[in-house]
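Biologist: Can you walk me through this one? I would like to know how the chains sit together.

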Protein chains: 2
Amino acid sequence: MRLSDHLPILQWGRTYNGGTFANDMVAAVIVTVMLIPQSLAYAMLAGLPPQVGLYASILPLIVYAIFGTSRTMAVGPVAILSLMTAVAAGKVAEQGTPEYLTAAIILAIISGLMLVVMGIFRLGFLANFLSHPVVSGFVTATGILIAVSQLKYLLGVQASGHNIIETLASIISHLGDVNWYTVAVGAPAVAFLFWARKGLKPLLLALGLKENIAGTLARSGPVLAVALGGVAVVAFGLEAKGVQIVGDIPKGLPGLTVPQFDPGLWQSLLGSSALIAMISFIESVSMAQTLAARRRQRIDPDQELVALGASSLAAGFSGGYPVTGGFARSAVNFDAGAETPAAGAFTAVGIALAALFLTPLLYNLPQAVLAATVIVAVLGLVDLKKLAHTLSYSKRDFAAMLGTILVTLLAGVELGVTTGIIVSIGLHLYVTSKPHFAIVGQVPGTHHFRNVNRHAVVIPKHIVTIRIDESLYFANARFLEDTVYCVLGNRPDVEHIVLMCPAVNHIDVSGLESLEAINRRLKDAGVTLHLSEVKGPVMDRLKRTHFLEELTGNVYLNQFDAIVDLDYDCAKSAIEKTGDVTDPASDPCPSQCIAGVREMS
Amino acid sequence: MRLSDHLPILQWGRTYNGGTFANDMVAAVIVTVMLIPQSLAYAMLAGLPPQVGLYASILPLIVYAIFGTSRTMAVGPVAILSLMTAVAAGKVAEQGTPEYLTAAIILAIISGLMLVVMGIFRLGFLANFLSHPVVSGFVTATGILIAVSQLKYLLGVQASGHNIIETLASIISHLGDVNWYTVAVGAPAVAFLFWARKGLKPLLLALGLKENIAGTLARSGPVLAVALGGVAVVAFGLEAKGVQIVGDIPKGLPGLTVPQFDPGLWQSLLGSSALIAMISFIESVSMAQTLAARRRQRIDPDQELVALGASSLAAGFSGGYPVTGGFARSAVNFDAGAETPAAGAFTAVGIALAALFLTPLLYNLPQAVLAATVIVAVLGLVDLKKLAHTLSYSKRDFAAMLGTILVTLLAGVELGVTTGIIVSIGLHLYVTSKPHFAIVGQVPGTHHFRNVNRHAVVIPKHIVTIRIDESLYFANARFLEDTVYCVLGNRPDVEHIVLMCPAVNHIDVSGLESLEAINRRLKDAGVTLHLSEVKGPVMDRLKRTHFLEELTGNVYLNQFDAIVDLDYDCAKSAIEKTGDVTDPASDPCPSQCIAGVREMS
């Protein structure tokens with residue numbers, strides 16, 4: 001382990017030169033312009049004062065530039081974490097109170113600490129326990145939740161609710177209070193932003209702009225919309241007509257914030273912080289990997305944990321709230337030609353300058369347009385087609401995804417992501433707890449053995465071969481026993497049972513004890529137990545036990561050897577194609593013993 | 001589904017005759033004699049009045065006789081559930097209060113309901129998520145806990161504590177108060193019972209008794225000890241000398257008890273009830289299976305759930321506490337020749353008669369001897385050798401077992417069993433999340449492909465074959481990606497990557513998306529991705545997606561076909577043994593990419 005593995009800045013810093021600086025600088029200017037309205041909008045979504053969004057976009061970016069392994073990812077406030085912060089802080093304090101802001105800061109600190117600890121102990125793999133369908137279900141549901149939560153700003157009404165149905169009902173009940181000036185500002189913004197997502201780039205290209213400049217400018221639609229909104233507010237005096245604006249933002253840089261340590265409060269935010277930490281890692285690491293792969297670079301997931309954690313800690317100690325790598329922002333940074341994390345540090349300087357000098361300009365930005373940028377951004381994350389794709393591939397993954405979406409929508413983000421984790425682990429364990437077994441026979445003319453229910457095969461009398469298509473571990477140990485006894489119960493003339501194990505990757509103690517019990521009980525019943533095609537590592541482990549001594553039969557290197565040894569005539573007749581071939585449709589073993597035969601094998 | 005599947009009494013009842021009746025009757029008498037002192041002792045362990053033990057041995061036995069599928073299992077109060085009841089009830093009420101008894105009754109009702117529901121929905125497999133090492137660790141730790149909890153009765157002192165260390169410290173601090181009359185009764189009982197476990201049967205055989213009679217009598221040591229203890233109390237007037245005795249037991253049968261429904265109380269007992277339900281099922285089902293196998297009978301685990309649940313419900317509604325199949329008792333029932341569950345019903349009649357007429361006889365039984373029977377019985381469950389066996393086979397299972405033992409001893413039974421479940425599931429997921437991969441090459445002169453680090457093999461230039469030894473699912477999807485990119489990063493001249501999948505039993509959506517991402521990124525890097533030896537069911541599923549169309553390379557039925565197709569010369573030279581053979585020690589791929597190669601393959 002070298003120091004530069006933990007401080008990647010020492011790697012890219014060594015070759016830093018004027019050319020890299022110029023490229024990073026261009027990207028930083030573009031990202032800064034984009035990040036200013038985004039920071040305000042996400043702070044609003046988190047229920048925090050607008051300057052908190054700016055503060056979360058200064059120090060964390062500098063810290064990520066030091067520790068991060070992605071060359072192009074841009075960190076800062078993001079939509080999902082803003083919503084999760086609102087939910088978590090809302091449980092311990094009222095929006096608008098100093099306690100609410102403190103809670104957001106504590107969330108950043110605890111989740112940051114957790115990420116750093118996970119990184120130090122190389123626990124990045126924990127994030128893998130959120131399956132892809134669960135994550136995409138969660139992102140889709142969160143997108144919908146966020147869009148709905150922003151509707152009130154578009155309409156200029158007061159609305160609130162504990163879940164999406166209450167929020168919608170509340171909005172509907174306030175429809176009479178709609179401020180039409182606000183709608184007149186917000187609705188065109190939404191329309192423009194939707195159009196800009198697909199229509200702006202071709203237009204710019206048609207105007208003769210270069211590909212990458214057109215791409216970058218096309219992503220600046222939100223900036224244009226917000227700027228125009230601000231102009232409209234001033235030009236038509238909309239503030240006086242009830243259009244909500246950003247208003248006063250305190251000028252200056254954040255000071256060092258150290259929230260008082262209140263054990264009760266910290267403890268009550270622990271669970272939420274863990275979920276925020278996990279989502280922040282998952283959000284950013286997959287994006288960092290995608291960006292890195294495009295330029296043949298690599299990221300180190302464990303170091304990413306440290307970097308993201310340090311960034312969140314920096315956010316917490318500088319008056320911000322939880323941050324992570326943002327998708328749109330990183331894509332702009334990448335397209336605009338950023339070469340090193342220094343681009344992030346330059347962006348931080350840009351935001352700091354904005355906080356120092358531009359706040360008067362931000363005063364007149366209409367909340368409706370900021371909400372419009374959030375709505376259009378998050379609706380881009382909603383991917384309901386994926387639900388259909390998942391269903392066509394796997395009912396199990398579909399169940400996990402649909403469950404995550406529904407619980408997230410109806411019971412909130414925290415329960416949603418928890419449910420997703422539990423459901424996907426539970427379903428995985430359930431499937432492996434009832435593994436696929438098949439009774440196999442020899443394909444005539446070959447040394448191959450195949451499922452009797454799928455292929456015309458030769459089966460020796462008095463021998464049953466069961467192929468086990470799963471590692472043997474505690475969750476399926478009893479199921480194996482049940483299957484063997486059931487097969488035996490339906491075939492009283494059997495003398496040998498061969499368990500064929502080419503797909504058994506592990507056998508744990510529970511699996512071993514089940515094999516021992518099967519061996520013992522078959523011995524009592526006068527039936528010999530054999531194994532075939534046991535993998536090397538599994539065999540190494542079995543050799544450390546007494547099982548192989550107690551085994552009534554043999555362990556064969558391959559299944560053909562087993563049949564040659566146990567019934568030479570049958571093996572010979574099968575090879576010479578003179579044996580009795582079973583009809584695959586005849587179902588020689590009742591399917592209730594061998595679960596899943598029809599469905600799987 | 002026939003009615004007789006749900007009411008097994010309709011099956012065995014049809015062929016019931018005089019011979020079966022006589023055999024069942026003999027067994028019932030023996031079990032009754034054994035069960036009376038046991039019921040009292042276990043009620044004492046549960047912190048309940050002695051008659052509650054008797055009540056729990058009447059109605060539940062009759063109900064099990066109707067619903068149970070084991071012909072020989074004897075249900076009633078057992079040691080572990082008694083301790084778990086004491087722990088759970090102790091959390092909501094003081095021992096000796098009516099609320100404490102109510103809590104015990106509610107535990108029986110809730111856990112009974114849970115078992116019935118699990119049975120109806122065929123959720124018996126849930127019990128499999130307690131691995132064998134966790135269960136045996138739990139049983140061992142519980143045995144030690146129970147033995148320690150009974151020490152105070154042997155010494156005649158007051159002692160209490162929240163965990164084993166506090167209890168021991170409390171006993172030591174009260175050593176000055178030891179009642180030596182109590183010790184004089186209890187110590188010989190312990191010595192006799194330890195001797196009787198191994199020494200009584202040979203003695204009886206030497207005296208000319210028949211094998212099965214000697215076996216049954218040898219198990220009646222506790223009854224003899226308790227009876228002698230009672231005689232000693234009367235003969236030497238020990239009650240007046242401070243020896244604690246059972247004392248007054250209300251004469252008569254239990255009435256119908258229906259505890260008031262107090263939502264708060266029921267909810268606070270929910271978790272404990274779930275653990276009691278799970279342990280009660282695991283305790284009895286493995287024993288029922290063992291007994292059934294000895295006589296070539298079968299039990300139905302899901303119907304067992306219904307039967308055990310109904311028995312616990314019956315216990316709850318007749319003033320008892322949670323019951324399940326008892327090990328010693330069932331063995332006696334089996335050895336004494338019980339043929340049908342009717343033996344259980346006859347035992348219930350015997351206990352009912354005892355409750356009606358024998359309570360004066362039970363008055364003088366010394367608590368020290370009852371405690372001695374419990375101590376000797378539970379120490380028989382303590383199996384520390386198993387810890388060493390487990391360690392020699394699997395560090396992972398050892399960790400789960402040791403963790404369960406330590407947490408159970410130091411933090412109590414409920415946290416112990418919960419920890420065991422979480423640790424074993426967690427370790428299983430951890431192991432499958434970092435699966436074994438191996439780079440393989442062709443064994444000269446054969447069609448076989450083996451790990452390059454273990455065997456002298458031929459590897460074609462420009463082709464890397466990675467064998468995946470695990471199903472691909474969400475927990476290891478990213479790990480596969482990391483491995484492929486790492487292998488590629490270390491071998492810049494590679495043109496083809498073949499993933500060899502003979503041990504891949506499932507690919508879930510996350511695994512599929514990782515394969516898609518690998519295919520896409522390798523394509524960008526100019527490397528072709530192939531698959532080989534994909535299993536039928538996995539292939540069927542892949543055919544439902546676009547992956548096979550997008551795959552840059554081919555899917556080969558077997559690995560040899562892949563090499564023949566991609567590098568005919570190499571395959572030919574390997575078969576003819578003219579190719580360059582790699583040295584297994586040369587480690588052609590940095591081991592940090594292929595985790596576990598050294599340890600496993």
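Biologist: What rotation superposes chain B on chain A?

Modeller: This is a predicted model, where local features need pLDDT of at least 70, side-chain atom pairs count only at pLDDT 80 or more, and totals for chains, interfaces and linings use all residues. Residues are numbered from 1 along each chain as its sequence is written, chains are lettered from A and ligands numbered from 1 in the order written, and side-chain values use heavy atoms, without hydrogens and water. The rotation is 180°, with 0.1 Å of shift along its axis and an RMSD of 0.1 Å, superposing by least squares on C-alpha atoms of residues with pLDDT of at least 70 in both copies. That is how a two-fold axis relates copies.

Biologist: Which C-alpha of chain B is nearest the axis?

Modeller: That of Ala503(B), 2.2 Å from the axis.

Biologist: And how many residues are in contact?

Modeller: 67 of chain B with 67 of chain A, contact being heavy atoms within 4.5 Å. Of the contact residues of chain B, 99% recur in chain A.

Biologist: How many salt bridges across the interface?

Modeller: Four, counting a Lys or Arg side-chain nitrogen within 4 Å of an Asp or Glu carboxyl oxygen. Separately, Lys535(A) and Asp469(B) form a salt bridge at 3.3 Å, N to O.

Biologist: Is Cys501(A) buried or exposed?

Modeller: Cys501(A) is buried, because its relative accessibility is 6% and buried means under 20%, exposed over 50%, partly exposed in between (1.4 Å probe, protein chains only). Cys501(B) is buried too, at 6%.
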